[in-house]
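This report describes selected features of a single model, with the criteria behind each term. The sequence and structure are shown first.

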Amino acid sequence: MSKRIVLSLAALVLFSGALRAEDQTAEQAIWLLKKATLIHRDGSHNLLLRSLRQMRDPQLEPLFSDLVQRRFPTMKVHGVLGLAEISPKQRLDLALLADIEQLMTQAQLVSAALDAEMLNIDDCRQIINWPGLDPSVKVIVAAKLIGEGEKFEPKLLDEAQTSDNLGLSSMATLMKLQLGDAAMNKPLAELNQSDAPNRDQVRLLLLHTAMRYKFDTIGPWALRMLDEPDLDRALSYRALRTVLMFQPAQAASHLVRRFEATDNPAERIRLSIMALDDAAKLEPGVFQPMLQCDQKLVQQVARVGAALASKRPAHDPIVQLIGRYNVLGSRWAFKYADDLPAEQAGPIYIELIRSAEKSPSHFRPQAMELVVMAAQKLYESGSATSTLRELFGSVDPLSREAMLMGLIRTHEGDPTKVIAGMQDWNSEFAGSLALLLRAKHGQTLDDKQMEQLSTMVRGGIRDLQDPLRIQAAWIYLKLTRQDRVALASVLGSTK
């Protein structure tokens, strides 16, 4: 056991004492914490641990440190990521990464850390030069460096390229091509002709990686793939998206031909939405066949695309697209707003929130998840407190609950200012979310609110799922000064 873990447990023992007599809420809170530290077949431990990590509370350090020592890979990953998230710089501890012996765990951790931006360029350079580093992990890190335009010695990828693992060798080939080695076009062409059973899965991986890190040299290879007869449907869509990103002029003719050749309404929608992702690179005429389509949704998508392609303001067409209540269309609008300045993105987020209550029942769950994300983004824009307060007063109860969820997810500033003075939530669930938000950000709770918090921990609030209950549980333990004792009990029971 590491010195760090010993000190953490010693501190718990020194400060621990008996739980308050007959405190059933504390017992339930401890049960939830224990549940998070045990492997469950349904994967519920992942949801609980992510929820605890989302709190970013330094006082959870003993729990995360303990998880690092577990033999189960998923626990190790949560532990190392949890420690990174509560560290001052929110950076992955490279010493903990180096201590991990299991290859798959190391690769999974590096991928998650890159996704969460917990590894900077210096970290990546240090990792890729570690002696004895497995080629698969080296390739993961190399992709990040290349995507950031960082140069390094291509020979670092030689071992991966000679691997018997087709996916690993092909990834290394793709990266060498992006680094300027034109000779890598030949093995990629050979991959297209390969009879390996996992050929298409590998090609999907390459296309996904190229789009993620903007490896533009893959464009010609993906374009040739579009001419293959009987190309797998998922692969053909991914290849077309890749070519649209890197060679839009050549991709446009393929997209238009496919659109005009199909009478399938769902495929027409999917192709038209796909064109939106790179509309600014396309000629307005690409959207003409879609404007003439008899599907109203496709026509509206085409209006947005034509505006973007013509470099005209697209706000009004985007608002009208959101009003069509289509999952793909609304998700595209959210993604598009994420790349805009706050003053331009805000109105789109507002429309996603306002329109959700009118969405058809089959779209309602997705619409509410967009409300959650839009409320979080709107708050994090830095100047939308008054706007969010107005929205709380004008949307339906379900949207209000989703907005509260978005505020609970944020880590910036003090989102309780958005709901300052608001007490009438029209539902027990919304009131519980508001209470959790306030407690999470350090507001003092009176006796009535503490009782409500206790009810949340004990599972007495309808629709309040365990990931939120465990946050309420940890807050309750801290407010009643039983957190150290609780951690000692949880960690002691898992030895």
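Helices (H or I, at least four residues) are DSSP runs numbered from the N terminus. The model is predicted: local features need pLDDT of at least 70 and side-chain atom pairs count only at pLDDT 80 or more, whereas totals for chains, interfaces and linings use all residues. Residues are numbered from 1 along each chain as its sequence is written, and side-chain values use heavy atoms, with hydrogens and water left out.

Which residues of α23 are buried? They are A367, M368, L370, V371, V372, A374, A375, Q376, L378 and Y379, where buried means under 20% relative accessible area, exposed over 50% and partly exposed in between (1.4 Å probe, protein chains only). The helix α23 has 17 residues and spans 24 Å from its first C-alpha to its last, close to the expected 24 Å at 1.5 Å a residue; the expected span is 1.5 Å times one less than the number of residues. Just after α23, G382 adopts a positive phi of about 100°.

P360 is located in the loop between α22 (342-355) and α23 (364-380). With a relative accessible area of 29%, P360 is partly exposed. Its C-alpha atom is separated by 34 Å from that of A439, 79 residues apart along the chain.

## Aromatic pairs and charges over rings

Four aromatic pairs are found in the structure. Rings of Phe, Tyr and Trp (its six-membered ring) pair if their centres lie within 6.5 Å; planes under 30 degrees apart count as stacked, over 60 as edge-to-face and the rest as tilted. One of the pairs, Y213 with F215, is stacked, at 5.9 Å centre to centre and 25° between the planes. Both Y213 and F215 are buried.

Another pair, F392 with W425, is edge-to-face, with 5.7 Å between centres and 80° between the planes. Because F392 lies in helix α24 (residues 385-392) and W425 in the loop between α25 (397-409) and α26 (428-440), this pair ties together parts that are 33 residues apart in sequence. F392 is buried at a relative accessible area of 3%, and W425 is buried at 6%.

Two arginines lie over ring faces: R268 over F259, at 6.0 Å from the ring centre, and R270 over Y237, at 3.8 Å from the ring centre. The criterion is NZ of Lys or CZ of Arg within 6 Å of the ring centre and within 35 degrees of the ring normal.

## Nonpolar core

The largest nonpolar core has 173 residues, of which L92, F287 and I419 touch the most other members. Such a core is a set of buried Ala, Val, Leu, Ile, Met, Phe, Trp, Tyr and Cys residues joined through side-chain atoms within 4.5 Å. Beyond its neighbours within four places in sequence, L92 contacts V80, L81, A84, L97, L109, A113, M118 and L119.

## Two further helical positions

R199 belongs to helix α13 (residues 199-213) and is buried, with a relative accessible area of 19%. Not counting residues up to four places away in sequence, R199 touches L166, L191, N192, S194 and E228.

S489 is in helix α29 (residues 483-493) and is partly exposed at 28% relative accessibility. Apart from neighbours within four places in sequence, S489 is in contact with I30 and K34.

Methods:
Helices (H or I, at least four residues) and strands (E, at least two) are DSSP runs, numbered from the N terminus. Contact means heavy atoms within 4.5 Å.
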